[in-house]
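The sequence and the model are shown first.

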Amino acid sequence: MNGWWFPPAISREAIGFDVQFIRTFVAAIIIFVAAQCALVAIVWRYRRSRRTVSPGLIPASSRLEYVWTTATACLFLGLLFLGSHVWASVQFTPAPADSEVIEVLGKQFAWNFRYPGPDGRFGRIDIRRIDDAGGNPFGLDERDPFAKDDITSASLRVPLGRPVKLILTSRDVIHSFFVRELRIKQDLVPGMRIPVHFQADLPGTYEVPCSELCGLGHFKMGTTVTVMPVAEYESWKRGQAH
Ligand SMILES: [Cu+2]
């Protein structure tokens with residue numbers, strides 16, 4: 001299917017979004033085909049007719065008006081109800097308590113990710129310590145014991161089959177975190193810490209482009225997310241700890 005259809009959906013929420021898309025798509029196709037058929041039928045029926053159709057000759061049918069207004073309302077409200085269910089499961093539900101928490105920093109024009117390290121706590125950061133060339137994009141304060149073991153990385157790694165909570169922040173302008181396979185697209189807004197959660201159930205490496213025009217280098221602001229088995233993920237983290 002791939003090539004002309006969506007890339008594979010790798011989380012339950014992503015599958016939920018696809019199901020909702022297909023539902024809406026099928027409803028739109030049925031209505032489109034029915035409307036076109038009705039149009040053709042009317043054109044055919046009144047072809048080269050000498051009868052002039054004045055509004056007075058067609059009796060208004062309030063019953064018909066009621067039927068199609070109600071049908072349209074039911075269809076729209078039904079789709080809205082089903083769709084908001086999926087949407088709310090991502091937006092309004094807090095991430096599970098055992099989620100792997102990872103901070104995502106967007107900046108012109110790169111991505112950085114921060115893991116709390118073995119102590120499970122994010123250390124103190126200080127904007128005066130931000131030093132990209134020195135490998136400290138977050139401004140980690142090394143004097144803070146909780147900051148010492150924090151892991152930073154230029155690409156994202158997440159454990160397979162476990163809930164992940166990302167906290168999105170931006171250092172300069174608005175960026176947007178987009179993973180097609182997760183069906184997630186969320187802006188990073190300076191001054192805000194925006195949470196997003198998911199659970200990836202298919203291992204692999206997926207592209208993360210910035211999806212908000214953020215300046216001249218926007219086109220090259222990309223990285224990857226790798227969904228890896230838990231054991232492999234844990235050993236990667238151990239290898240990164242310092
Ligand atoms: Cu950007």
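Helices and strands here are DSSP runs, numbered from the N terminus. The model is predicted.

## Largest pocket

Three elements, α2 (62-91), β7 (184-188) and β8 (194-199), each contribute at least two residues to the lining of the largest pocket. The lining comprises 15 residues, and V90, Q91, P195, V196 and H197 lie nearest the centre of the pocket. By class, 8 of the lining residues are nonpolar, 4 polar and 3 charged.

The space in this largest pocket is about 230 Å³. Because domain 1 (12-47 + 60-91) and domain 2 (100-240) both give residues to the lining, the largest pocket lies between them.

## Second largest pocket

The second largest pocket holds about 180 Å³ of space. Among the residues that line it are E103, D126, R171 and R193, and also L105, I125 and F138. Its lining divides into 6 nonpolar, 1 polar and 4 charged residues.

## Copper site

Four residues coordinate the copper ion: H175 through ND1, C210 and C214 through SG, and M221 through SD, at 2.0 to 2.5 Å. The 4 donor atoms subtend angles of 93 to 122 degrees around the copper ion, so the arrangement is tetrahedral. For four tetrahedral donors the ideal angle at a metal is 109.5 degrees.

Along the sequence, the donor residues follow the spacing H-x34-C-x3-C-x6-M. C210 and M221 both lie in the loop between β9 (204-209) and β10 (222-228), so the pair ties together parts that are 11 residues apart in sequence. C210 is buried, with a relative accessible area of 7%, and M221 is buried, at 2%.

Definitions and conventions:
Residues are numbered from 1 along each chain as its sequence is written. This is a predicted model: local features need pLDDT of at least 70, side-chain atom pairs count only at pLDDT 80 or more; totals for chains, interfaces and linings use all residues. Side-chain values use heavy atoms; hydrogens and water are left out. Donors are N, O and S atoms within 2.8 Å of the metal (3.2 Å for Na, K and Ca); water is not among the atoms, so sites may look incomplete. Four donors count as tetrahedral if all angles lie between 85 and 135 degrees; four count as square planar and six as octahedral if opposite donors are over 155 degrees apart and all others between 65 and 115; anything else is irregular. Helices (H or I, at least four residues) and strands (E, at least two) are DSSP runs, numbered from the N terminus. Buried means under 20% relative accessible area, exposed over 50%, partly exposed in between (1.4 Å probe, protein chains only). On a 1 Å grid over the protein atoms alone, a cavity is a set of points where a 1.4 Å probe fits but cannot get out, and a pocket is an open set with protein on both sides within 12 Å along at least five of seven lines; lining residues have an atom within 4 Å of a point. Grid points are joined across faces, edges and corners, and a volume is the space filled by probe spheres set on the points. Ala, Val, Leu, Ile, Met, Phe, Trp, Tyr, Cys and Pro count as nonpolar, Asp, Glu, Lys and Arg as charged, and the others, Gly among them, as polar. Domain bounds come from an automatic or database domain assignment.
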